[in-house]
Amino acid sequence: MDEFRHTFVRLCRDNHTDPPDFIIHQLKSFENTSKRGKAVLDLSTNSLSPKPCHILGKVIATDRTFLEYKFADCMLSEDAVKGLANGFAHNSYCKSLDMKGNNIRGAGAEALGKMLHHNQAILKLCLEWNALGMLDNSFSLFCEGLGSNECLLALDLRNNQINHDCAIELSANLKRNKTLRAIDLRWNNVGLLGGRAILEMLQTNKTVSRLELAGNNIPSDILKSIETAVGQNEDRAVLSQDHKTKMMMLTKHVKQIESDKSLQMNDLMDTIEKQEDVLRKTKRTTTQQVAHLQEALEERKSSFNALAAKLSMTESELALQEQKTHDVEIVVERLKQELSGRHSSHNEDLRKERETRATMEAQLHKELSESSDKNIQLQSKFDDTERKCRMQQDQIFELKEQVTHLQAEIKIKGAHFEERIQSERNRHKEDLRDAEQIRQKEVSRVRQDADEVEANLRERIQQLEMTRLELEEEISRQKNHNMSNKLQHEEQLTIIKQKFQSEEENRYSQLEEKLRVTQLLKDEVQSRCNQQSSTVSDLTSRNSTLTLETETMKKRVEEMQQELAEKNAVTFAEVGKVKLDLNQALNKLEAERKVQTDLRDQLSDSDRKTSEQILRYREACEEKDAELDSLRRRLKSRELEVSHVREEESQRAKMLQMAVLNYCQNIPQSTMESS
């Protein structure tokens with residue numbers, strides 16, 4: 001605070017102007033406060049001349065003290081607004097700016113547009129009770145700056161004399177903006193053309209989730225369509241937020257996996273160091289026994305060669321096991337593709353059923369939800385099989401590691417013994433007789449160890465073969481179960497289609513019969529038309545209330561779209577009630593002979609409105625389904641990326657293990673050379 005005040009006073013002296021007392025008093029009041037990062041500079045209801053504003057702009061350009069500035073009702077001139085806007089254009093710390101009630105127009109609006117073009121920090125801007133829309137050219141420059149801004153989230157433009165031309169310009173520039181979330185345009189004069197431009201803008205801009213348009217002389221139908229578009233944007237924002245949280249959870253999970261891998265690598269290094277210590281100790285003991293094991297080592301070398309041949313056989317068998325596991329993975333991928341193809345075909349059939357049989361859409365949604373639950377259960381079972389396959393792969397990998405360790409130990413010992421044999425062969429020929437008995441004992445012990453290792457490896461290979469056969473049987477069972485479920489669903493769909501057709505034919509026959517009766521009674525009703533005008537007005541009011549009820553039901557459906565299956569059933573039940581009420585009204589009119597030509601026209605209009613509303617609701621449902629499908633595809637792509645990352649990490653771990661093994665193989669050679 002002191003730095004801000006000192007720089008402001010210094011710049012005022014350099015420009016030969018006296019600093020305003022209320023600014024100095026406001027800055028001094030912050031000196032004893034402890035909340036430095038949350039300070040607010042409030043200069044509202046104080047008149048500011050252009051020179052102090054220019055100086056304030058220079059100080060604000062480099063300031064990192066205040067998060068919010070308030071210049072409400074300060075009677076700012078165009079030059080004063082320019083000075084402040086130049087300062088805020090270079091400020092990178094302020095998050096909120098309030099310039100309400102300053103009659104900003106013309107050059108001031110242009111300066112604010114330039115400020116929005118350059119500023120990348122302000123999140124909330126309040127410009128209520130100004131005159132930005134008085135001049136179209138300056139407002140177009142303001143809109144250009146708003147369209148190129150990439151950080152503003154909320155904009156308040158209430159009571160700014162914005163007409164339909166300004167609204168068209170604002171909508172055209174908001175099509176480029178991808179960050180603005182809330183706009184307040186209340187109490188302007190947008191009109192019909194401006195409302196249509198805003199509605200067109202909302203078809204391309206999917207980020208605006210709150211839009212206030214009260215008091216703008218916009219027709220009610222356009223306002224309702226704008227509200228629906230904004231509601232869809234809000235739902236889309238909620239879904240994107242959920243997707244971001246899920247991605248954050250996935251990244252945390254991947255980091256946890258990486259940390260676990262690093263811990264495993266540390267444990268592996270510790271075990272390698274322990275093995276090195278054991279090798280050093282065995283080296284010391286073998287150097288003492290080499291004098292007694294010359295010929296024994298030659299026979300041991302032959303036994304080692306036999307063990308190497310056996311190990312090569314085990315490696316070939318392990319390669320065959322890997323090939324079999326790869327074939328199992330291919331089968332699993334084919335099953336995934338078949339499940340995805342069946343799911344897509346099932347969704348296509350459901351879409352066609354919605355278009356042809358809109359009246360019974362709720363029952364089809366229930367069937368779809370049941371099939372999706374079964375698909376989820378099948379997917380869970382499939383995930384279990386995949387997890388078992390991964391466990392088998394881990395066991396195979398552990399067996400490979402053991403084999404490689406045995407090979408490394410055999411190679412190290414063989415190389416070490418060969419070098420010692422060549423160096424000690426000339427000196428120890430006389431001690432062969434004493435070493436004969438020791439040689440026979442060592443040979444028998446080595447043979448027993450080799451036989452035990454071979455038996456253990458064969459048992460593990462048999463166990464892996466049994467588990468592979470069990471997995472193949474389980475996959476075949478799951479496939480047969482899926483086929484049976486598909487056939488059951490197709491039979492149920494055919495039964496439901498036939499039922500729908502029969503019900504619709506009955507309804508059409510009943511309606512045609514009622515229309516014939518009404519035409520016969522038409523001539524008799526016309527004589528009493530004048531007497532029943534009051535009843536007609538009552539019926540028209542009742543029809544209007546029914547249309548209002550349908551509109552409220554439509555809003556409720558749009559708000560509760562996350563629980564789509566249950567809510568669709570409720571909405572169609574309400575529509576059925578409305579149709580029953582209309583049928584009762586028609587029966588009363590037939591009983592009392594009160595039908596007339598005007599009433600028939602009104603009823604046809606109401607039917608047309610309800611059909612239009614149902615069509616709009618269907619289109620909204622299709623859009624939401626398409627959005628859900630796109631989000632599912634994105635989630636699948638993200639899961640594929642995560643699987644690729646996991647595969648890369650496993651490859652890196654394998655490379656590290658091979659490097660460590662090579663390092664362990666090179667260590668004894670270097671120690672022998674040094675000895």
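Helices (H or I, at least four residues) and strands (E, at least two) are DSSP runs, numbered from the N terminus. The model is predicted: local features need pLDDT of at least 70, side-chain atom pairs count only at pLDDT 80 or more, and totals for chains, interfaces and linings use all residues. Residues are numbered from 1 along each chain as its sequence is written, and side-chain values use heavy atoms, with hydrogens and water left out.

**View 1. Serine 96 sits in strand 3**. Serine 96 is buried, at a relative accessible area of 13%. Buried means under 20% relative accessible area, exposed over 50%, and partly exposed in between (1.4 Å probe, protein chains only). Leaving aside residues up to four places away in sequence, serine 96 touches Leu67, Glu68, Tyr69 and Lys124. Contact here means heavy atoms within 4.5 Å.

**View 2. The protein chain has 16 helices and seven strands**. The chain holds 675 residues, and 37% of them count as buried. Among contacts with a separation of 6 or more, 86% come from residues 24 or more positions apart. The accessible surface comes to about 41100 Å². Carbon and sulfur atoms own 51% of that surface. Areas come from the Shrake-Rupley method with a 1.4 Å probe; for residues, only the protein chains shown count as cover.

**View 3. Seven strands form an open sheet in the order 1-2-3-4-5-6-7**. The pairing is parallel. Two strands pair if DSSP finds at least two bridges between them. Strand 1 and strand 7 (210-212) stand at the edges with a single partner strand each, so one side of each has no neighbour in the sheet. The twist averages 5° from one strand to the next. Axes are lines fitted to C-alpha atoms (for helices, over the stretch in contact), and angles run from 0 to 180 degrees between N-to-C directions.

**View 4. Strand 1 (residues 39-42) runs parallel to strand 2 (residues 66-70)**. Four bridges join the two. Leucine 41 has tyrosine 69 of strand 2 as its bridge partner. From strand 1 the chain passes through helix 3 (residues 50-61) to strand 2, in a right-handed β-α-β crossover. Right-handed means that, with the strands pointing away from the viewer, the path from the first strand over the helix to the second runs clockwise.

**View 5. Strand 2 also pairs with strand 3 (residues 96-98)**. The sense is parallel, over three bridges. Lysine 70 stands opposite aspartate 98 in strand 3. Strand 2, helix 4 and strand 3 build a right-handed β-α-β unit.

**View 6. The largest nonpolar core has 69 residues**. Tyr69, Phe71, Leu76, Phe88 and Leu211 have the most contacts inside this core. Helix 4 (residues 78-90) supplies the largest share, six residues. A nonpolar core is a set of buried Ala, Val, Leu, Ile, Met, Phe, Trp, Tyr and Cys residues joined through side-chain atoms within 4.5 Å.

**View 7. Strand 5 (residues 154-156) pairs with strand 6 (residues 182-184)**. Three bridges link them in the parallel sense. Alanine 154 has alanine 182 of strand 6 as its bridge partner. Glutamine 161 lies in the loop between strand 5 and helix 7 (164-174). Its phi is positive, about 55°, although glutamine 161 is not a glycine. Glutamine 161 is partly exposed, at 46% relative accessibility.

**View 8. Threonine 45 has a positive phi of about 60° without being a glycine**. Threonine 45 belongs to the loop between strand 1 and helix 3. With 61% relative accessibility, threonine 45 counts as exposed.
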